[in-house]
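Please keep the sequence and the three-dimensional structure in view while reading.

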Amino acid sequence: MMPKHSKPLSLIAIVLTALLSVSGCGDDDGGDAQPSPDPFALPDAPPSGVYDGPLFALSHDYPRAQAAPPDPAPWREAIGFGHIDTGNARAYVDALKDYIADDMRELLFDYENWNAEAAGWYNQPWLGTIREPIHGTYVGSTFPAEMFPLSGLTTTMTTHVLVYYDAVAAGSLRSVWGDGALDPLPGLEAGGAQFPEGGFIVKPAFTTAGGADWPPIEGAYPWLIYAPPGDGTEGDPELQTVYLFQFDIIVKDTASAPSTGWVFATLVYDGSVEGDFWDQMIPLGAMWGNDPDVLSPQDCDYLVPGDCPPLFETWINQATPLYSRETLGWGGRLSGPNDGSVDIAAVVQTEDGLEQYDGRYAMSSCMSCHGVAEFEMESFLLPGPSTCTQDDCTPTFASCDSQGVCQEVDPGPGVSLVYYDWQSAEFSRWFQSRPGDEPQDEGTIALDYGMNYAFKALPQWLTQTGTDLTPNFVEEFNNYRGRQYESHAVGAARIPFE
Ligand code: HEC
């Protein structure tokens, strides 16, 4: 068993263990022999008395035979079996939401009765060291109040997320991991990361900000988690309440979305909707490509309909609470409040050097960020200069003085990320509409938009087994926007660059 919430030190211990352990001696538990790392290890349960309810069970018995999606698929039927477009996307997303409604009501709101394996939903291995024990969530991101100025967020908030694959999508997990999950390389090289058609992946996201901290979250469904407080990375775990505010659904559907093979959709909490908690999760939008031909001016206001050039591969539901649209992606491309597609303190690399950007810099989208899912990663998630070696990928950081003169600095608290200019050819590399078997960077293995592989499970496998390709992402960049926040108690975070 792995220690709960392993800190870097214990990770090092695990890596050393892996290096020292002789392969094939798994049965030898005598003497000084150390156990090999366990891909399916779970975090320790909270002490009884602190919490005695149901715990997360890792679902990893991936189906041996490839499961098939329903035929006809209701989401295909909803758009007349043609292509998804901005006119029919709502019907499509409603069909996705209906299709998984029973299972998700159980997972989210009836946890006592949730049994992932029986319901046919599966998880990635290797994430036991970062999950908390009650729901299996891990830290998504940390956002300062200034990220949501229009909807009244008053504290720094941290999000906690988890991912489930349906039985169809789990075909990829079996191809990559097999039974033992110890060596994904042959599966990856054989294209196992490509998801079967009709596969679903879902990702609920919870925020530490309740209604008292963020009015639009009033009444959102609470989950108890047992995780370190604040940004979730340091300190002893505590029982905390977090609130469901975003629910991602992605489906591999090349017939509906031929340019990328995927539809990315997300639901957001809207407390003004009548009905149960699932009914209150309403579509924010969908995207099926990055609209590579639309050059959206950085200063267009996507909250004002018609201000930005029209998009053809994103549909946004304007009848959603403002908080959920406040952080849409570049030019209004789809991105949710959990996704960090906007930077409030950006530095931009221009022909004249580094320049502080005055305003909010929208520079990503669901499919822009997911488009760099490749192995090994050669580009950072966000469009900016990064240095990638065999085992690491570091974005560029800068700091600017009061005169606005900026220079490159090492990562650290309060520094800014450097992005490409939105009008540059480099920036546009993050806004292509590619099929998922073409990587963003030539010579890498395309992971079919699968970021849970690229950013979580594969780096953890490398780290915990001591395999010599290790990206240091997990320890250094636990915040996937690449920004390091100062350690802080909730509410005391610095806004980088203030
Ligand atoms: C700035 C980067 C970024 C943006 C923008 C982003 N994601 Fe992700 N997403 C990630 C990362 C990193 C992971 C893997 C970590 C995890 O498991 O949470 C992930 C994981 C996921 C997963 C789990 C499946 C997988 O492996 O890819 C789903 C589903 C998902 N995101 C949907 C969405 C949707 C829908 C949007 C837009 C509404 C979105 N994401 C926007 C970075 C991003």
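## The shell around the ligand

By class, the shell around the ligand holds 13 nonpolar, 10 polar and four charged residues. Here Ala, Val, Leu, Ile, Met, Phe, Trp, Tyr, Cys and Pro count as nonpolar, Asp, Glu, Lys and Arg as charged, and the others, Gly among them, as polar. This is a predicted model, in which local features need pLDDT of at least 70 and side-chain atom pairs count only at pLDDT 80 or more, while totals for chains, interfaces and linings use all residues. Residues are numbered from 1 along each chain as its sequence is written.

Of the 27 residues around the ligand, those that come nearest are Asp248, Cys366, Cys369, Met451 and Asn452. A residue is near a molecule or strand if its C-beta atom, placed from the backbone, lies within 6 Å of it. At least two residues of the shell come from each of β5 (200-207), β7 (238-252), β8 (262-269), α9 (366-370) and α11 (451-465). Helix α11 supplies the largest share, five residues.

## The chain as a whole

The protein chain has 12 helices and 21 strands. Both are DSSP runs numbered from the N terminus: helices are H or I with at least four residues, and strands are E with at least two.

Buried residues make up 50% of the 498 residues in the protein chain. A residue is buried if 20 or more other C-beta atoms, placed from the backbone, lie within 10 Å of its own, exposed if 12 or fewer do, and partly exposed in between. Among contacts between residues at least 6 apart in sequence, 66% join residues at least 24 apart. A contact requires that the C-beta atoms of two residues, placed from the backbone, lie within 7 Å.

In soluble globular proteins, nonpolar side chains tend to be buried together. A nonpolar core is a set of buried Ala, Val, Leu, Ile, Met, Phe, Trp, Tyr and Cys residues joined through C-beta atoms within 7 Å. The largest such core in this model has 129 residues, of which Tyr92, Val263, Phe264 and Ala286 touch the most other members. Leaving aside residues up to four places away in sequence, Phe264 touches Ile250, Ala286, Met287, Leu334, Cys366 and Met367.

Why is β8 described as largely enclosed by the rest of the structure? Eight of the eight residues of β8 are buried, so the strand is largely enclosed. In a regular strand the side chains alternate between the two faces of the sheet. In β8, Trp262, Phe264, Thr266 and Val268 point one way, Val263, Ala265, Leu267 and Tyr269 point the other way, and all are buried.

Strands β7 and β8 run antiparallel and are joined by seven bridges; two strands pair if DSSP finds at least two bridges between them. Phe247 stands opposite Leu267 in β8. Strands β8 and β9 (281-287) also run antiparallel, with six bridges, and Ala265 has Ala286 in β9 as its bridge partner.

In helix α3 (residues 89-99), the buried residues are Ala89, Tyr92, Val93, Leu96, Lys97 and Tyr99. Seen down the axis of α3, these residues fall within an arc of 165°, so they line one face of the helix. The arc is that of the directions from the helix axis to the C-beta atoms. What covers the buried residues of α3 includes α2 (74-78), α4 (101-109), β7, β8, β9 and β10 (314-316).

Helix α6 (residues 170-177) is mostly covered, with seven of its eight residues buried. The buried residues of α6 pack against β1, β4 (164-166) and α7 (185-189). Just after α6, Gly178 takes a positive phi of about 60°.

## Exceptions in the backbone

Most residues other than glycine have a negative phi, and most peptide bonds are trans. The bond from Asp71 to Pro72 is cis, with omega near 0°, and Pro72 lies in the loop between α1 (8-20) and α2. The bond from Phe375 to Glu376 is also cis, with omega near -10°.

Trp126, although not a glycine, has a positive phi of about 75°. Trp126 lies in the loop between β1 (121-122) and β2 (138-143) and counts as buried, with 26 C-beta neighbours inside 10 Å. Tyr449 is not a glycine either, and has a positive phi of about 65°; its place is in the loop between β21 (445-446) and α11.
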